[in-house]
Amino acid sequence: MTHEELVKRITEEVVRQLLEKKGGQDSQLSAKHPPLPVENPAALEQMKRRTPARIGVGRAGPRLRTETLLKLRADHAQARDSVFRDVNEGLIKGLGLFTVKTLCQDRNEHLTRPDLGRRFSEETAREIKAKCTLNPQVQIYLSDGLSSQAIDANAADILPALTDGLQDLGIGVGTPFFVQYGRVGAMDAISELLNAEVTCVLIGERPGLATANSMSAYIAYRAKVGMPESNRTVVSNIHSGGIPAAEAGAHIAGLIKTILERKVSGVDLGA
C-alpha cells in the first residue's frame, strides 16, 4: 500500500467515525450553508479534474469540511516528512551509485545553511575525482535537495530513461552518483571538478500541499561556480501527477542533445 493510499484510508475512517458520532451534523450544517452559486458548474468540474488545488471543496458552516481539513493536515505532514527524512539507502545502492556529502553535517544545517549545501570538502572533492570519469560529455548525479521523497519516488525510473536515452543519441555519460544534503549550486562545483561539458542534477524540490514527490532537473553547459542562475535550464514538476519520470528522462536526453549542439543553456538556449 502506498503512502497516499494509507492517508486516504485513514482520512475516510476518521470522517466516518466523526459523522457517526455527530449524527450527520456536517450534512446538516452544509444544508444550512449551501455552496456559493457557480455560474458555470461544468467549468468548475473541469478545473477540479485538471488541478490538485483545493477548489470547489465546499464548507461546513464557516469552516472547511472535515474530510478536506484532514486531507490538508495529512498533506502538510507528508510535506514536512519529505524535507526531514533521508533518501532510502537501498534505492541508492540498487542504482549502483556511490554517495558523497556536501559541507552540511546534518539535515538542520542543510536547511539553514544553503551555502554549505553548494560546496564540498577537499577530501570529498578528491573522492569524486577518483571515482568518476573525468572530462565527461554529460555528468549526471542525484541529490536529495528539499525532498528526499522525490528521489525515492522517481529515481528508479528517470535515471535509466535518461542514461539510455543519451546513449541511444550517441552521447557519452560520466559516472552517476548521489549527493546528500545538496543544493542546486553544487552542480557548479561538480562541473569544475570533473571538467564536464554538460552537468545535470536530478534533485528533490521544495514540497507543497499538492505533492511531496516533485523532482526537477537542472542542466547547465560548462557550469562554473559563481555563474548566473539564468545559465541553468530547468525541467520541473517531475512526478506521477505532472511529468512522469520515464517520460521526463527521455525529454531531458533530447534537451541535453540540443544544449550540446548549441553549446549554451538557460536563457541563451531560447535566444
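Mentor: We will go through the aromatic pairs, then a pocket.

Mentor: This is a predicted model, so local features need pLDDT of at least 70, side-chain atom pairs count only at pLDDT 80 or more, and totals for chains, interfaces and linings use all residues. Residues are numbered from 1 along each chain as its sequence is written, and side-chain values use heavy atoms, without hydrogens and water.

Trainee: How many aromatic pairs does the structure hold?

Mentor: It holds 2. Rings of Phe, Tyr and Trp (its six-membered ring) pair if their centres lie within 6.5 Å; planes under 30 degrees apart are stacked, over 60 edge-to-face, the rest tilted.

Trainee: Why is the pair of Phe98 and Phe177 called stacked?

Mentor: The ring centres are 5.1 Å apart and the planes lie at 15°, so the pair is stacked.

Trainee: What makes Tyr141 and Phe177 a stacked pair?

Mentor: Their centres are 5.5 Å apart and their planes at 10°, so this pair is stacked. Tyr141 lies in strand 2 (residues 138-143) and Phe177 in the loop between helix 8 and strand 3, so the pair ties together parts 36 residues apart in sequence. Helices (H or I, at least four residues) and strands (E, at least two) are DSSP runs, numbered from the N terminus.

Trainee: Which residues do the ring pairs link into a cluster?

Mentor: Phe98, Tyr141 and Phe177.

Trainee: Is Tyr141 buried or exposed?

Mentor: Tyr141 is buried, as is Phe177. Buried means under 20% relative accessible area, exposed over 50%, partly exposed in between (1.4 Å probe, protein chains only). Phe98 is buried too.

Trainee: And the second largest pocket: how many residues line it?

Mentor: It is lined by 14 residues, and Leu146, Arg183, Val184, Glu205 and Tyr218 lie nearest its centre. A pocket is an open set of points on a 1 Å grid over the protein atoms alone, where a 1.4 Å probe fits, with protein on both sides within 12 Å along at least five of seven lines; lining residues have an atom within 4 Å of a point.
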